[in-house]
Amino acid sequence: MGRVGKLFEILELNNPNPKIELDYINEYTLLVAVILSAQSTDKGVNRATGPLFNIVKSPEQMVNLGEEGLKQYIKSIGLFNSKAKNIMEMSKKLIRDFDSKVPDNLEDLMSLAGVGRKTANVVLNSAFGKATIGIDTHVLRLSNRLGLCDTKNVLHAEEQLMHILPEKWARKANHLLVLHGRYVCTARNPKCNECKIRDYCNFYITSLTK
(Lines give C-alpha, C1' and ligand atoms only; values in the text may rest on other atoms or scores of the structure.)
Protein backbone atom coordinates (compact mmCIF):
# COMPACT_ATOMS: atom_id res chain seq x y z
CA MET A 1 0.00 0.00 0.00
CA GLY A 2 1.38 3.38 -0.99
CA ARG A 3 1.39 6.61 0.98
CA VAL A 4 -1.96 7.80 -0.41
CA GLY A 5 -3.61 4.50 0.39
CA LYS A 6 -2.25 4.62 3.93
CA LEU A 7 -3.64 8.14 4.40
CA PHE A 8 -7.14 7.07 3.44
CA GLU A 9 -6.90 3.83 5.40
CA ILE A 10 -6.22 5.83 8.58
CA LEU A 11 -8.93 8.40 7.81
CA GLU A 12 -11.45 5.60 7.26
CA LEU A 13 -10.37 3.79 10.42
CA ASN A 14 -11.20 6.93 12.41
CA ASN A 15 -14.41 7.63 10.49
CA PRO A 16 -15.77 4.38 8.99
CA ASN A 17 -19.03 5.84 7.66
CA PRO A 18 -18.43 9.46 6.67
CA LYS A 19 -21.55 11.27 5.52
CA ILE A 20 -22.52 14.69 4.32
CA GLU A 21 -23.61 16.88 7.23
CA LEU A 22 -26.45 18.52 5.35
CA ASP A 23 -29.91 17.18 6.25
CA TYR A 24 -32.03 15.98 3.35
CA ILE A 25 -34.92 13.67 2.50
CA ASN A 26 -34.33 12.72 -1.14
CA GLU A 27 -32.16 13.64 -4.12
CA TYR A 28 -34.10 16.83 -4.74
CA THR A 29 -33.87 18.16 -1.19
CA LEU A 30 -30.16 17.28 -1.16
CA LEU A 31 -29.66 19.36 -4.30
CA VAL A 32 -31.50 22.28 -2.70
CA ALA A 33 -29.45 21.98 0.48
CA VAL A 34 -26.14 21.90 -1.39
CA ILE A 35 -27.09 24.99 -3.41
CA LEU A 36 -27.96 26.77 -0.16
CA SER A 37 -24.68 25.71 1.48
CA ALA A 38 -22.48 27.81 -0.82
CA GLN A 39 -20.58 30.28 1.39
CA SER A 40 -22.73 29.16 4.34
CA THR A 41 -22.32 26.63 7.15
CA ASP A 42 -24.07 23.27 7.04
CA LYS A 43 -25.52 23.91 10.51
CA GLY A 44 -27.02 27.21 9.35
CA VAL A 45 -28.51 25.55 6.28
CA ASN A 46 -29.97 22.70 8.36
CA ARG A 47 -31.70 25.17 10.68
CA ALA A 48 -33.41 26.72 7.68
CA THR A 49 -34.22 23.56 5.74
CA GLY A 50 -35.74 21.70 8.70
CA PRO A 51 -39.01 23.64 8.50
CA LEU A 52 -38.72 24.05 4.70
CA PHE A 53 -38.44 20.34 3.98
CA ASN A 54 -41.50 19.65 6.11
CA ILE A 55 -43.55 21.18 3.31
CA VAL A 56 -41.28 20.98 0.25
CA LYS A 57 -39.95 17.66 -0.98
CA SER A 58 -40.30 18.01 -4.76
CA PRO A 59 -39.75 20.57 -7.53
CA GLU A 60 -43.52 21.00 -7.89
CA GLN A 61 -43.95 21.84 -4.21
CA MET A 62 -41.08 24.33 -4.44
CA VAL A 63 -42.62 26.08 -7.44
CA ASN A 64 -45.97 26.20 -5.63
CA LEU A 65 -44.27 27.78 -2.61
CA GLY A 66 -42.88 30.51 -4.85
CA GLU A 67 -39.72 32.57 -4.67
CA GLU A 68 -40.98 34.98 -2.02
CA GLY A 69 -42.32 32.09 0.06
CA LEU A 70 -38.95 30.33 -0.13
CA LYS A 71 -37.15 33.48 1.01
CA GLN A 72 -39.10 33.43 4.27
CA TYR A 73 -37.50 30.07 5.10
CA ILE A 74 -33.94 30.81 3.98
CA LYS A 75 -33.50 34.50 4.85
CA SER A 76 -31.01 33.57 7.59
CA ILE A 77 -28.68 32.12 4.91
CA GLY A 78 -26.15 34.26 3.08
CA LEU A 79 -27.02 35.31 -0.48
CA PHE A 80 -30.58 34.07 0.07
CA ASN A 81 -32.07 36.30 -2.65
CA SER A 82 -29.94 34.89 -5.47
CA LYS A 83 -30.18 31.37 -4.06
CA ALA A 84 -33.99 31.57 -3.97
CA LYS A 85 -34.05 32.71 -7.59
CA ASN A 86 -31.70 29.91 -8.68
CA ILE A 87 -33.66 27.24 -6.78
CA MET A 88 -36.87 28.32 -8.48
CA GLU A 89 -35.26 28.24 -11.94
CA MET A 90 -33.63 24.89 -11.14
CA SER A 91 -36.94 23.42 -9.98
CA LYS A 92 -38.79 24.57 -13.09
CA LYS A 93 -36.12 23.08 -15.34
CA LEU A 94 -36.27 19.77 -13.49
CA ILE A 95 -40.02 19.66 -14.10
CA ARG A 96 -39.74 20.76 -17.71
CA ASP A 97 -36.67 18.81 -18.90
CA PHE A 98 -36.02 15.98 -16.46
CA ASP A 99 -39.43 14.63 -15.47
CA SER A 100 -38.92 16.20 -12.01
CA LYS A 101 -35.96 13.90 -11.30
CA VAL A 102 -32.48 15.03 -10.30
CA PRO A 103 -30.11 13.93 -13.10
CA ASP A 104 -27.30 11.55 -12.22
CA ASN A 105 -24.61 12.96 -14.50
CA LEU A 106 -22.34 15.99 -14.33
CA GLU A 107 -23.36 17.68 -17.58
CA ASP A 108 -27.10 17.70 -16.87
CA LEU A 109 -26.62 18.74 -13.25
CA MET A 110 -24.44 21.67 -14.30
CA SER A 111 -27.15 22.81 -16.73
CA LEU A 112 -29.30 23.68 -13.70
CA ALA A 113 -29.34 27.18 -12.21
CA GLY A 114 -27.14 27.53 -9.15
CA VAL A 115 -25.29 24.27 -9.80
CA GLY A 116 -21.56 24.52 -10.38
CA ARG A 117 -19.06 21.71 -10.66
CA LYS A 118 -18.53 21.38 -6.90
CA THR A 119 -22.27 21.20 -6.18
CA ALA A 120 -22.78 18.66 -8.96
CA ASN A 121 -19.96 16.45 -7.69
CA VAL A 122 -21.27 16.56 -4.12
CA VAL A 123 -24.74 15.51 -5.29
CA LEU A 124 -23.36 12.74 -7.52
CA ASN A 125 -21.31 11.39 -4.60
CA SER A 126 -23.87 11.74 -1.81
CA ALA A 127 -27.09 10.95 -3.69
CA PHE A 128 -25.89 8.46 -6.29
CA GLY A 129 -22.76 6.96 -4.74
CA LYS A 130 -20.48 7.99 -7.58
CA ALA A 131 -16.73 8.39 -7.21
CA THR A 132 -16.54 12.16 -7.38
CA ILE A 133 -14.92 14.86 -5.26
CA GLY A 134 -16.40 18.30 -4.69
CA ILE A 135 -13.48 20.65 -4.16
CA ASP A 136 -14.47 23.02 -1.37
CA THR A 137 -12.14 25.15 0.76
CA HIS A 138 -11.57 22.30 3.23
CA VAL A 139 -10.63 19.74 0.56
CA LEU A 140 -8.40 22.21 -1.29
CA ARG A 141 -6.55 23.25 1.87
CA LEU A 142 -6.13 19.71 3.20
CA SER A 143 -5.06 18.22 -0.14
CA ASN A 144 -2.35 20.84 -0.59
CA ARG A 145 -1.09 20.45 2.96
CA LEU A 146 -0.92 16.69 2.62
CA GLY A 147 0.81 16.94 -0.73
CA LEU A 148 -1.99 15.14 -2.58
CA CYS A 149 -2.11 18.05 -5.00
CA ASP A 150 -0.11 21.21 -5.62
CA THR A 151 -2.51 23.81 -6.97
CA LYS A 152 -5.03 26.42 -5.88
CA ASN A 153 -7.09 25.81 -9.02
CA VAL A 154 -10.14 23.73 -8.07
CA LEU A 155 -10.41 21.94 -11.42
CA HIS A 156 -6.73 21.02 -11.40
CA ALA A 157 -7.04 19.87 -7.80
CA GLU A 158 -9.97 17.63 -8.70
CA GLU A 159 -8.06 16.14 -11.63
CA GLN A 160 -4.95 15.51 -9.53
CA LEU A 161 -6.92 13.91 -6.70
CA MET A 162 -8.95 11.67 -8.98
CA HIS A 163 -5.72 10.56 -10.69
CA ILE A 164 -4.06 9.35 -7.48
CA LEU A 165 -7.11 8.24 -5.51
CA PRO A 166 -7.15 4.50 -4.78
CA GLU A 167 -10.35 2.92 -6.10
CA LYS A 168 -11.05 1.35 -2.71
CA TRP A 169 -11.73 4.79 -1.21
CA ALA A 170 -13.09 6.56 -4.28
CA ARG A 171 -16.65 6.86 -2.96
CA LYS A 172 -15.70 7.81 0.61
CA ALA A 173 -12.81 10.16 -0.17
CA ASN A 174 -14.92 13.29 -0.58
CA HIS A 175 -16.48 13.09 2.90
CA LEU A 176 -13.29 11.82 4.56
CA LEU A 177 -11.38 14.86 3.30
CA VAL A 178 -14.16 17.38 4.00
CA LEU A 179 -14.68 16.23 7.59
CA HIS A 180 -10.97 16.02 8.39
CA GLY A 181 -10.46 19.50 6.96
CA ARG A 182 -13.47 20.88 8.81
CA TYR A 183 -12.68 19.52 12.26
CA VAL A 184 -8.96 18.68 12.42
CA CYS A 185 -6.94 20.33 9.66
CA THR A 186 -8.57 23.71 10.17
CA ALA A 187 -7.45 26.81 8.31
CA ARG A 188 -5.92 28.98 11.03
CA ASN A 189 -5.02 26.58 13.82
CA PRO A 190 -4.72 23.03 12.48
CA LYS A 191 -4.94 20.47 15.28
CA CYS A 192 -1.76 18.63 14.35
CA ASN A 193 -1.43 17.14 17.84
CA GLU A 194 -4.78 15.38 17.33
CA CYS A 195 -4.20 14.43 13.70
CA LYS A 196 -3.91 10.70 13.00
CA ILE A 197 -2.29 11.24 9.58
CA ARG A 198 0.30 13.85 10.54
CA ASP A 199 3.21 11.47 9.93
CA TYR A 200 2.20 11.42 6.26
CA CYS A 201 1.56 15.17 6.02
CA ASN A 202 3.98 17.47 4.21
CA PHE A 203 2.68 20.48 6.17
CA TYR A 204 3.35 18.85 9.54
CA ILE A 205 6.70 17.33 8.60
CA THR A 206 7.90 20.67 7.25
CA SER A 207 6.76 22.46 10.41
CA LEU A 208 9.07 20.24 12.51
CA THR A 209 12.12 21.49 10.67
CA LYS A 210 11.32 25.19 11.10
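Trainee: How many disulfides does a search of the whole structure find?

Mentor: This is a predicted model, and the search of the whole structure finds zero disulfides. A disulfide is a covalent bond between the sulfur atoms of two cysteines. The criterion applied here is a pair of cysteine sulfur atoms within 2.5 Å.

Trainee: Why is Cys-149 too far from the closest cysteine sulfur for a bond?

Mentor: The closest cysteine sulfur to that of Cys-149 belongs to Cys-185 and is 12 Å away. The cut-off is 2.5 Å, so the sulfur of Cys-149 is too far away for a bond.

Trainee: What is the nearest cysteine sulfur to Cys-201, and how far away is it?

Mentor: For Cys-201 the nearest is the sulfur of Cys-185, at 6.0 Å. A disulfide requires sulfur atoms within 2.5 Å, and Cys-201 is accordingly in no disulfide.

Trainee: What makes Cys-149 count as buried?

Mentor: Buried means under 20% relative accessible area. Cys-149 has 5% relative accessibility and therefore counts as buried.

Trainee: Is Cys-201 buried or exposed?

Mentor: Cys-201 has a relative accessible area of 8%. The limit for the buried class is under 20%, so Cys-201 is buried.

Trainee: Why does Asn-17 count as exposed?

Mentor: Exposed means over 50% relative accessible area. Asn-17 has 56% relative accessibility, so it counts as exposed. Asn-17 is found in the loop between helix H1 (3–14) and helix H2 (27–36). Its C-alpha is 8.1 Å from that of Lys-172, although the two residues are 155 apart in sequence.

Trainee: What share of the residues of the protein chain count as buried?

Mentor: Of its 210 residues, 49% count as buried. The protein chain exposes about 10,900 Å², and carbon and sulfur atoms supply 50% of that area.

Trainee: Which elements make up the protein chain?

Mentor: The protein chain has 12 helices and zero strands.

Trainee: Why is the protein chain described as being as compact as a globular protein of that length?

Mentor: The globule rule gives 17 Å for 210 residues, and the radius of gyration of the protein chain is 18 Å, close to that value; it is therefore as compact as a globular protein of that length. Along the principal axes, the C-alpha atoms fill a box of roughly 60 × 30 × 30 Å.

Trainee: What share of contacts between residues at least 6 apart in sequence join residues at least 24 apart?

Mentor: In the protein chain that share is 61%.

Conventions: Residues numbered from 1 in each chain as written. Predicted model: local features only at pLDDT ≥ 70, side-chain atom pairs only at ≥ 80, totals over all residues. Heavy atoms only, no water. Helix = DSSP H or I, 4+ residues; strand = E, 2+ residues; numbered from the N terminus. Rg over C-alpha atoms; globule rule 2.2 N^0.38 Å. Buried < 20%, exposed > 50% of the residue type's maximum accessible area, 1.4 Å probe, protein only. Contact = heavy atoms within 4.5 Å. Areas by Shrake-Rupley, 256 points an atom, 1.4 Å probe, with all protein chains shown as cover.
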